[in-house]
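Open the structure in your viewer and get ready to select side chains. This tour goes from ring to ring.

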Amino acid sequence: MGNSGEQARDRTQSRVILSANLARVNEAAKRSRQTRFTALLHHVDVAALERAYRRLRRQAAPGVDGVTVESYGQDLEGNLRDLADRVHGGRYRPLPVRRTYIPKADGGQRPLGILALEDKVVQGAVAEILSAIYEADFLDCSFGFRPRRSAHQALRVVREAITTEPVNWVLDADIRRYFDSVDHDWLLRMLAHRIADPRVLRLIGQWLRAGILEDGVYADTVEGTPQGAGISPLLANIFLHYVLDLWVEQWKRRHATGQVRLVRYADDYFSYSSDGRMQRR
(Lines give C-alpha, C1' and ligand atoms only; values in the text may rest on other atoms or scores of the structure.)
Protein backbone atom coordinates (compact mmCIF):
# COMPACT_ATOMS: atom_id res chain seq x y z
CA MET A 1 0.00 0.00 0.00
CA GLY A 2 2.98 2.33 0.26
CA ASN A 3 2.49 5.45 2.31
CA SER A 4 -1.16 5.21 3.31
CA GLY A 5 -1.15 8.81 4.52
CA GLU A 6 0.00 10.22 1.21
CA GLN A 7 -2.49 12.46 -0.54
CA ALA A 8 -2.94 12.11 -4.28
CA ARG A 9 -1.29 14.98 -6.10
CA ASP A 10 -3.60 15.51 -9.06
CA ARG A 11 -5.02 18.98 -9.48
CA THR A 12 -8.63 17.95 -8.92
CA GLN A 13 -7.94 16.46 -5.49
CA SER A 14 -5.85 19.42 -4.36
CA ARG A 15 -8.81 21.79 -4.81
CA VAL A 16 -9.96 21.89 -1.18
CA ILE A 17 -10.43 25.60 -0.39
CA LEU A 18 -13.61 27.18 -1.73
CA SER A 19 -14.10 30.86 -2.43
CA ALA A 20 -16.77 32.60 -0.37
CA ASN A 21 -19.29 32.42 -3.23
CA LEU A 22 -18.71 28.72 -3.85
CA ALA A 23 -18.82 27.99 -0.13
CA ARG A 24 -22.37 29.35 -0.17
CA VAL A 25 -23.18 27.16 -3.17
CA ASN A 26 -21.82 24.15 -1.29
CA GLU A 27 -23.93 24.97 1.78
CA ALA A 28 -27.06 25.27 -0.38
CA ALA A 29 -26.29 21.90 -1.97
CA LYS A 30 -25.86 20.32 1.46
CA ARG A 31 -29.17 21.69 2.73
CA SER A 32 -31.17 19.90 0.05
CA ARG A 33 -30.32 17.35 -2.61
CA GLN A 34 -33.40 18.48 -4.50
CA THR A 35 -32.08 22.00 -5.05
CA ARG A 36 -31.43 22.85 -8.71
CA PHE A 37 -29.02 25.68 -9.35
CA THR A 38 -30.36 28.10 -11.93
CA ALA A 39 -27.67 30.81 -11.92
CA LEU A 40 -24.09 29.53 -11.90
CA LEU A 41 -22.24 31.07 -14.83
CA HIS A 42 -21.61 34.34 -12.98
CA HIS A 43 -19.20 32.35 -10.77
CA VAL A 44 -16.98 31.94 -13.85
CA ASP A 45 -15.45 35.36 -13.33
CA VAL A 46 -11.90 36.60 -13.81
CA ALA A 47 -10.92 35.43 -10.31
CA ALA A 48 -12.20 31.90 -10.96
CA LEU A 49 -10.46 31.80 -14.34
CA GLU A 50 -7.23 32.92 -12.72
CA ARG A 51 -7.49 30.20 -10.06
CA ALA A 52 -7.97 27.65 -12.84
CA TYR A 53 -4.98 29.04 -14.73
CA ARG A 54 -2.77 28.88 -11.62
CA ARG A 55 -3.62 25.19 -11.22
CA LEU A 56 -2.26 24.32 -14.67
CA ARG A 57 1.10 22.62 -14.91
CA ARG A 58 3.69 25.06 -16.21
CA GLN A 59 5.11 22.47 -18.62
CA ALA A 60 1.76 21.16 -19.89
CA ALA A 61 1.74 20.32 -23.60
CA PRO A 62 -0.20 22.79 -25.78
CA GLY A 63 -3.37 21.87 -27.61
CA VAL A 64 -4.34 22.65 -31.18
CA ASP A 65 -3.95 26.38 -30.50
CA GLY A 66 -0.23 25.96 -29.75
CA VAL A 67 -0.55 28.32 -26.76
CA THR A 68 1.54 27.43 -23.71
CA VAL A 69 0.86 28.28 -20.08
CA GLU A 70 3.89 30.56 -20.05
CA SER A 71 2.99 32.51 -23.19
CA TYR A 72 -0.63 33.01 -22.08
CA GLY A 73 0.59 34.36 -18.77
CA GLN A 74 2.57 37.16 -20.39
CA ASP A 75 -0.65 39.22 -20.50
CA LEU A 76 -2.64 37.17 -18.05
CA GLU A 77 -5.00 39.87 -16.80
CA GLY A 78 -5.91 41.04 -20.30
CA ASN A 79 -6.31 37.51 -21.62
CA LEU A 80 -8.54 36.43 -18.73
CA ARG A 81 -10.74 39.52 -18.97
CA ASP A 82 -11.22 38.92 -22.68
CA LEU A 83 -11.96 35.24 -22.02
CA ALA A 84 -14.52 36.09 -19.31
CA ASP A 85 -16.22 38.56 -21.68
CA ARG A 86 -16.48 35.88 -24.38
CA VAL A 87 -17.82 33.27 -21.95
CA HIS A 88 -20.54 35.59 -20.64
CA GLY A 89 -21.28 37.06 -24.05
CA GLY A 90 -21.80 33.64 -25.64
CA ARG A 91 -18.82 34.12 -27.98
CA TYR A 92 -16.53 31.52 -26.41
CA ARG A 93 -16.19 28.38 -28.55
CA PRO A 94 -14.06 25.38 -27.52
CA LEU A 95 -11.49 24.08 -29.97
CA PRO A 96 -11.07 20.41 -30.98
CA VAL A 97 -9.06 18.24 -28.62
CA ARG A 98 -5.61 17.17 -29.82
CA ARG A 99 -5.31 13.41 -29.44
CA THR A 100 -2.09 11.70 -28.53
CA TYR A 101 -1.28 8.32 -27.01
CA ILE A 102 0.65 7.14 -23.99
CA PRO A 103 1.87 3.56 -23.44
CA LYS A 104 -0.01 1.25 -21.10
CA ALA A 105 1.52 -1.39 -18.84
CA ASP A 106 0.00 -4.19 -20.95
CA GLY A 107 1.74 -2.96 -24.09
CA GLY A 108 -1.27 -1.15 -25.50
CA GLN A 109 -1.84 2.57 -25.83
CA ARG A 110 -4.11 4.87 -23.90
CA PRO A 111 -5.66 7.81 -25.81
CA LEU A 112 -5.05 11.16 -24.18
CA GLY A 113 -6.85 14.39 -25.07
CA ILE A 114 -4.91 17.66 -24.88
CA LEU A 115 -7.10 20.75 -24.72
CA ALA A 116 -6.40 24.24 -25.99
CA LEU A 117 -5.23 26.42 -23.14
CA GLU A 118 -8.35 28.56 -22.78
CA ASP A 119 -10.49 25.44 -22.79
CA LYS A 120 -8.40 24.09 -19.90
CA VAL A 121 -8.95 27.34 -18.01
CA VAL A 122 -12.73 27.53 -18.52
CA GLN A 123 -13.15 23.83 -17.76
CA GLY A 124 -11.18 24.28 -14.55
CA ALA A 125 -13.42 27.13 -13.44
CA VAL A 126 -16.63 25.21 -14.22
CA ALA A 127 -15.26 22.06 -12.54
CA GLU A 128 -14.71 24.13 -9.39
CA ILE A 129 -18.40 25.08 -9.39
CA LEU A 130 -19.64 21.56 -10.06
CA SER A 131 -17.37 20.15 -7.37
CA ALA A 132 -18.85 22.56 -4.81
CA ILE A 133 -22.28 21.14 -5.63
CA TYR A 134 -21.59 17.45 -6.08
CA GLU A 135 -19.31 17.07 -3.06
CA ALA A 136 -22.57 17.40 -1.13
CA ASP A 137 -24.01 14.43 -3.08
CA PHE A 138 -21.16 11.99 -3.62
CA LEU A 139 -21.16 8.93 -1.38
CA ASP A 140 -18.34 7.83 0.91
CA CYS A 141 -17.60 4.89 -1.39
CA SER A 142 -16.23 7.26 -4.08
CA PHE A 143 -12.53 8.15 -3.77
CA GLY A 144 -11.26 9.15 -7.21
CA PHE A 145 -10.51 12.77 -8.17
CA ARG A 146 -12.11 14.24 -5.08
CA PRO A 147 -10.74 16.71 -2.51
CA ARG A 148 -8.73 15.10 0.28
CA ARG A 149 -9.29 11.59 -1.07
CA SER A 150 -6.77 9.26 -2.67
CA ALA A 151 -6.20 5.79 -4.06
CA HIS A 152 -4.28 4.90 -0.91
CA GLN A 153 -7.34 5.66 1.20
CA ALA A 154 -9.51 3.47 -1.04
CA LEU A 155 -7.05 0.58 -0.74
CA ARG A 156 -6.93 1.01 3.03
CA VAL A 157 -10.73 0.72 3.27
CA VAL A 158 -10.66 -2.49 1.19
CA ARG A 159 -7.80 -3.96 3.22
CA GLU A 160 -9.45 -3.23 6.55
CA ALA A 161 -12.76 -4.68 5.37
CA ILE A 162 -11.39 -7.97 4.10
CA THR A 163 -9.23 -8.46 7.21
CA THR A 164 -11.72 -7.40 9.90
CA GLU A 165 -15.21 -8.06 8.48
CA PRO A 166 -17.01 -11.26 7.44
CA VAL A 167 -16.40 -11.36 3.68
CA ASN A 168 -17.51 -14.22 1.43
CA TRP A 169 -16.29 -12.75 -1.82
CA VAL A 170 -14.60 -9.72 -3.41
CA LEU A 171 -15.27 -8.36 -6.89
CA ASP A 172 -12.55 -6.26 -8.56
CA ALA A 173 -13.76 -4.60 -11.77
CA ASP A 174 -12.80 -1.97 -14.31
CA ILE A 175 -15.27 -0.39 -16.74
CA ARG A 176 -13.76 -1.03 -20.15
CA ARG A 177 -13.22 2.07 -22.30
CA TYR A 178 -15.28 4.10 -19.87
CA PHE A 179 -14.02 7.56 -20.79
CA ASP A 180 -14.40 6.73 -24.49
CA SER A 181 -17.96 5.48 -24.22
CA VAL A 182 -19.87 7.83 -21.88
CA ASP A 183 -23.28 8.58 -23.40
CA HIS A 184 -23.56 12.36 -23.85
CA ASP A 185 -27.34 12.55 -23.64
CA TRP A 186 -27.52 10.53 -20.44
CA LEU A 187 -24.70 12.52 -18.86
CA LEU A 188 -26.44 15.82 -19.59
CA ARG A 189 -29.72 14.44 -18.25
CA MET A 190 -27.97 13.44 -15.02
CA LEU A 191 -26.37 16.87 -14.70
CA ALA A 192 -29.79 18.46 -15.14
CA HIS A 193 -30.89 16.90 -11.82
CA ARG A 194 -28.78 19.54 -10.10
CA ILE A 195 -27.76 22.05 -12.80
CA ALA A 196 -30.59 24.16 -14.19
CA ASP A 197 -28.44 26.93 -15.66
CA PRO A 198 -28.76 26.37 -19.44
CA ARG A 199 -25.57 28.30 -20.09
CA VAL A 200 -23.48 25.90 -18.00
CA LEU A 201 -25.15 22.86 -19.57
CA ARG A 202 -24.52 24.35 -23.01
CA LEU A 203 -20.83 24.82 -22.20
CA ILE A 204 -20.50 21.20 -21.09
CA GLY A 205 -22.33 20.03 -24.22
CA GLN A 206 -19.94 22.06 -26.37
CA TRP A 207 -16.93 20.43 -24.71
CA LEU A 208 -18.38 16.97 -25.19
CA ARG A 209 -18.97 17.66 -28.90
CA ALA A 210 -15.81 19.68 -29.61
CA GLY A 211 -14.32 16.89 -31.72
CA ILE A 212 -10.90 15.26 -31.93
CA LEU A 213 -7.93 16.30 -34.08
CA GLU A 214 -5.50 13.44 -34.69
CA ASP A 215 -2.63 13.69 -37.19
CA GLY A 216 -4.35 16.67 -38.76
CA VAL A 217 -7.64 14.80 -39.29
CA TYR A 218 -10.80 16.01 -37.54
CA ALA A 219 -13.40 13.59 -36.17
CA ASP A 220 -16.70 14.31 -34.43
CA THR A 221 -17.14 13.10 -30.86
CA VAL A 222 -20.52 11.42 -30.53
CA GLU A 223 -19.74 9.75 -27.20
CA GLY A 224 -17.12 9.80 -24.48
CA THR A 225 -15.23 12.51 -22.64
CA PRO A 226 -11.49 12.78 -23.37
CA GLN A 227 -9.00 11.54 -20.79
CA GLY A 228 -6.81 14.52 -20.08
CA ALA A 229 -9.62 17.07 -20.20
CA GLY A 230 -9.76 18.95 -16.91
CA ILE A 231 -13.46 18.39 -16.32
CA SER A 232 -13.56 14.74 -17.45
CA PRO A 233 -12.78 13.10 -14.07
CA LEU A 234 -15.54 15.08 -12.38
CA LEU A 235 -18.05 14.27 -15.13
CA ALA A 236 -17.05 10.61 -14.79
CA ASN A 237 -17.73 10.75 -11.06
CA ILE A 238 -21.13 12.36 -11.61
CA PHE A 239 -22.13 9.75 -14.20
CA LEU A 240 -21.01 6.80 -12.06
CA HIS A 241 -22.56 8.32 -8.94
CA TYR A 242 -25.95 7.78 -10.57
CA VAL A 243 -25.44 4.56 -12.50
CA LEU A 244 -23.25 2.63 -10.03
CA ASP A 245 -22.97 4.13 -6.54
CA LEU A 246 -26.67 4.89 -6.04
CA TRP A 247 -27.65 1.64 -7.76
CA VAL A 248 -25.55 -0.41 -5.32
CA GLU A 249 -27.09 1.46 -2.38
CA GLN A 250 -30.55 0.71 -3.74
CA TRP A 251 -29.69 -2.97 -4.32
CA LYS A 252 -28.42 -3.27 -0.74
CA ARG A 253 -31.67 -1.93 0.70
CA ARG A 254 -33.95 -4.05 -1.48
CA HIS A 255 -32.16 -7.37 -1.89
CA ALA A 256 -29.04 -7.90 0.25
CA THR A 257 -29.30 -10.10 3.33
CA GLY A 258 -25.70 -9.60 4.44
CA GLN A 259 -23.26 -6.73 4.41
CA VAL A 260 -22.34 -5.29 0.99
CA ARG A 261 -19.83 -2.49 0.45
CA LEU A 262 -18.54 -0.67 -2.63
CA VAL A 263 -15.23 1.16 -3.00
CA ARG A 264 -14.77 3.09 -6.25
CA TYR A 265 -11.86 5.05 -7.65
CA ALA A 266 -13.06 6.65 -10.91
CA ASP A 267 -13.98 3.71 -13.17
CA ASP A 268 -12.15 1.08 -11.09
CA TYR A 269 -14.04 -0.43 -8.19
CA PHE A 270 -14.11 -3.14 -5.56
CA SER A 271 -17.25 -4.63 -4.12
CA TYR A 272 -17.15 -7.06 -1.23
CA SER A 273 -19.92 -8.85 0.58
CA SER A 274 -20.95 -11.36 3.20
CA ASP A 275 -24.11 -11.93 1.14
CA GLY A 276 -23.69 -15.17 -0.79
CA ARG A 277 -26.71 -14.45 -2.97
CA MET A 278 -25.16 -11.37 -4.58
CA GLN A 279 -22.40 -13.46 -6.19
CA ARG A 280 -25.00 -15.34 -8.22
CA ARG A 281 -26.71 -12.20 -9.57
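Start with R58 and Y53. R58 lies over the face of Y53. Its distance from the ring centre is 5.0 Å. Keep in mind that this is a predicted model.

Next, select R149 and F143. Here too an arginine sits over a ring: R149 lies over the face of F143, at 4.8 Å from the ring centre.

How many aromatic pairs does a search of the whole structure find? The search finds five.

Move on to F145 and Y265. Their ring centres are 5.7 Å apart. The planes meet at 45°, so this pair counts as tilted. Where does each partner sit in the chain? F145 is in the loop between α6 (117-134) and α7 (151-164). Y265 belongs to strand β6 (residues 260-265). The pair links distant parts of the chain, 120 residues apart. F145 counts as partly exposed because its relative accessibility is 21%, and the cut-off for buried is under 20%.

For the last stop, select Y178, F179 and F239 together. These residues form one aromatic cluster.

Notes:
Residues are numbered from 1 along each chain as its sequence is written. This is a predicted model: local features need pLDDT of at least 70, side-chain atom pairs count only at pLDDT 80 or more; totals for chains, interfaces and linings use all residues. Side-chain values use heavy atoms; hydrogens and water are left out. Rings of Phe, Tyr and Trp (its six-membered ring) pair if their centres lie within 6.5 Å; planes under 30 degrees apart count as stacked, over 60 as edge-to-face and the rest as tilted. Helices (H or I, at least four residues) and strands (E, at least two) are DSSP runs, numbered from the N terminus. Buried means under 20% relative accessible area, exposed over 50%, partly exposed in between (1.4 Å probe, protein chains only). A charge sits over a ring if NZ of Lys or CZ of Arg is within 6 Å of the ring centre and within 35 degrees of the ring normal.
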